[in-house]
Amino acid sequence: MHVIIDGQRVPVTEGMTILEAAEQVGIHIPRLCYHQSLTPAAICRLCVVEWEGARTLVPACVARVQDGAVIHTESERVRRARRTILELLASTVDLSEAPDLLAYAAELNADLDRFADGARREFPVYDDNPFYIRDYNKCVLCQRCVQACGNDMQFTYALTVSGRGFYSRIDTFYHAPMPETTCVFCGNCVAVCPTGALKEKGPFPSPQSPVLDARPSEP
Amino acid sequence: MAEPVLLRRVGHVDPTRLEDYLAWGGFEALRRALLRRPESIVDEVKASGLVGRGGAAFPTGVKWEAVARESRTPKYVVCNADESEPGTFKDRVLMEGDPFVLVEAMAIAGHAVGAEEGYIYVRGEYIRAYERIKNAVEEATRAGFLGDHILDSDVSFHVHVYRGAGAYVCGEETALFESIEGKRGQPRQKPPFPTTHGLFGRPTVINNVETLANIPPIVLHGPEWFRSLGPEDAPGPKLYSVSGAVNAPGVYEAPMSVTLRELIEEYAGGVRNGGRVQAVLVGGAAGTFLGPKELDVPMSFSGLRKVGAALGSGAVMVIDEQVDMWEVLLRLARFFAHESCGKCYPCQLGTQRQLEIVRRMASGRIRYQDILRLRDIQATMADASICGLGQTAGNAILSGLRVMGLDVS
Ligand SMILES: Cc1cc2nc3c(=O)[nH]c(=O)nc-3n(C[C@H](O)[C@H](O)[C@H](O)COP(=O)(O)O)c2cc1C
Ligand code: SF4
Ligand code: SF4
């Protein structure tokens, strides 16, 4: 079984995603919400690729390979979608601590000021517990923290999404301060946050270290 | 205009009385279906050429066959009665005027695909439709047309009536499942499709109200008869919801060879006050604007595709020259920004920026840059959104600008 990615013949096995297949031959597909320890949410749509014959672009993080599929990861159609998503995102929240996203934007020649005349999502910084702060001005709504807090790691369900559409936000139930929620301060959400929206305040009080080490690389 | 099929009983029967439905041939199709093997019913629906009337135009028989072939049980039959597409009110007319037909159709579907549970998801605002459907389910159950061992056969089918929670996106089939399951009504990434992973993760047939209303007549009169009711490539009757600047807005049944002009002038009594058409929004908010020179298009799937539009739910909204198109576009842009569920980035962000840009243009500041920005947003939403809401959220805006004479190519 094989697929053709950007003209290259790639041997694959049943059940593999396009993202994994591309990775095998060293093709890096941009991604944001994807995290190897979490169920792919397929919501940021940065990893979309062109699959010949498909009506729309497909998200590489969840689309499974089919024998003989012809896939383009860098076509103009793909680049236009990625560039526009990043331009829209940059006009909405603060990406200054998301180096991966800034690097993608530079590579795509995105104009990060293109939609700067639009509304932004703005929040106070929540500093309501001894362990971490929540600065949702930097939140890209990747939902990794919600997943880490829920079914994918901690099964604590302190975090959720509230609101709808553009004004969706990460929240606690009833907007309660963190210490009043089911949060056990495991730190998994902080570890998976890609944008600096969740920040550890200092060393954890116990010798225990965060379960995952997946913070964005230093710029 | 020929004898209606779907609207046959509407207005002529008391929709709360089972006796009336029975007197008009009701449950005869179910009676016959129960005597037949499930596969033969599926084959007949396939042969009829019926395609879904909820917007996506997927062949109904193919969907049923896929679920019938699944060995996992339980399976479900779900009726999508969320009808929230702006300008669409045909399902409401059926549910309020002929609710028993849905119950009968769902029981037939259950027998055909091997499901014993059905759900009807009725739009939250449709109180009367909800009451009528609920009553029909209760009456039919009492009379033995639903429940265990329907009409003393070995087929059982139960129907649950569920009220929608009030969001347009909950009409999208997977968001609808999430909603019934008690979660946030947000679409799922497809595949997997409902035929394998639908309600509660089970094989599920989901059909629109109007789609289902075609089933009893197909079972009674056969696929050849059904095919004879429309053009070659678009069999069966179709309901059109005509609204806006016409003398007689309403739901009309016609074969899909009918043209847009005929719908407006002959069925809906022409443009009000003797006015002229400025634009027609075909397919609802998710649809496309056509201009006054495009009225001779046949209102079928293929006919509309040729002019870059889609039939969608069959909504026809007529805008006359009295109306300020900017107001219309602004309202549509506001609708999408308000209804985006926010799950995926292209639509979550794009519908908001689209609204802001249209608002500025409507206030008289039209810049070339804005058209370029709208085009990138539309293309990105269409290509990269999870569900049909985002995928279509820029169509009406761009096609509206085109009808207004702006170059958006
Ligand atoms: C945003 C959105 C809203 C929808 N709303 C409805 C609806 O109100 N009723 C409906 O039947 N289908 C609706 N659909 C289409 C359904 O997803 C699905 O295609 C349909 O229920 C399948 O039934 P059918 O094959 O009988 O048409 C909607 C789709 C989208 C993307
Ligand atoms: S807080 Fe961080 S991890 Fe959570 S959704 Fe926002 S950006 Fe993602
Ligand atoms: S396209 Fe819009 S409505 Fe559909 S899943 Fe994405 S954000 Fe939600």
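In the predicted model, the side chains of B:Arg360 and A:Asp117 meet in a salt bridge, with a nitrogen-to-oxygen distance of 3.0 Å. Between chain B and chain A the count of such salt bridges is six, and 25 residue pairs, both members at pLDDT 80 or more, are in polar contact across the two chains. On the side of chain B that touches chain A, at least two residues each are supplied by helix H13 (325–339), helix H14 (345–362) and helix H15 (368–384). The residues of this side of chain B divide into 13 nonpolar, ten polar and eleven charged.

Taken as a whole, the interface brings 34 residues of chain B into contact with 37 residues of chain A. The area buried between the two chains is about 2900 Å², and carbon and sulfur atoms give 49% of this area. Within chain B, the residues that lose the most area to chain A are B:Tyr345, B:Arg353 and B:Asp383, which together account for 26% of what that side buries.

Definitions and conventions. Residues numbered from 1 in each chain as written. Chains lettered and ligands numbered in written order. Predicted model: local features only at pLDDT ≥ 70, side-chain atom pairs only at ≥ 80, totals over all residues. Heavy atoms only, no water. Contact = heavy atoms within 4.5 Å. Buried area = accessible area lost by both parts, 1.4 Å probe. Salt bridge = Lys/Arg side-chain N within 4 Å of Asp/Glu carboxyl O. Polar contact = N/O pair within 3.5 Å; in protein donor to acceptor, adjacent residues only side chain to side chain. Helix = DSSP H or I, 4+ residues; strand = E, 2+ residues; numbered from the N terminus. Nonpolar A, V, L, I, M, F, W, Y, C, P; charged D, E, K, R; others polar.
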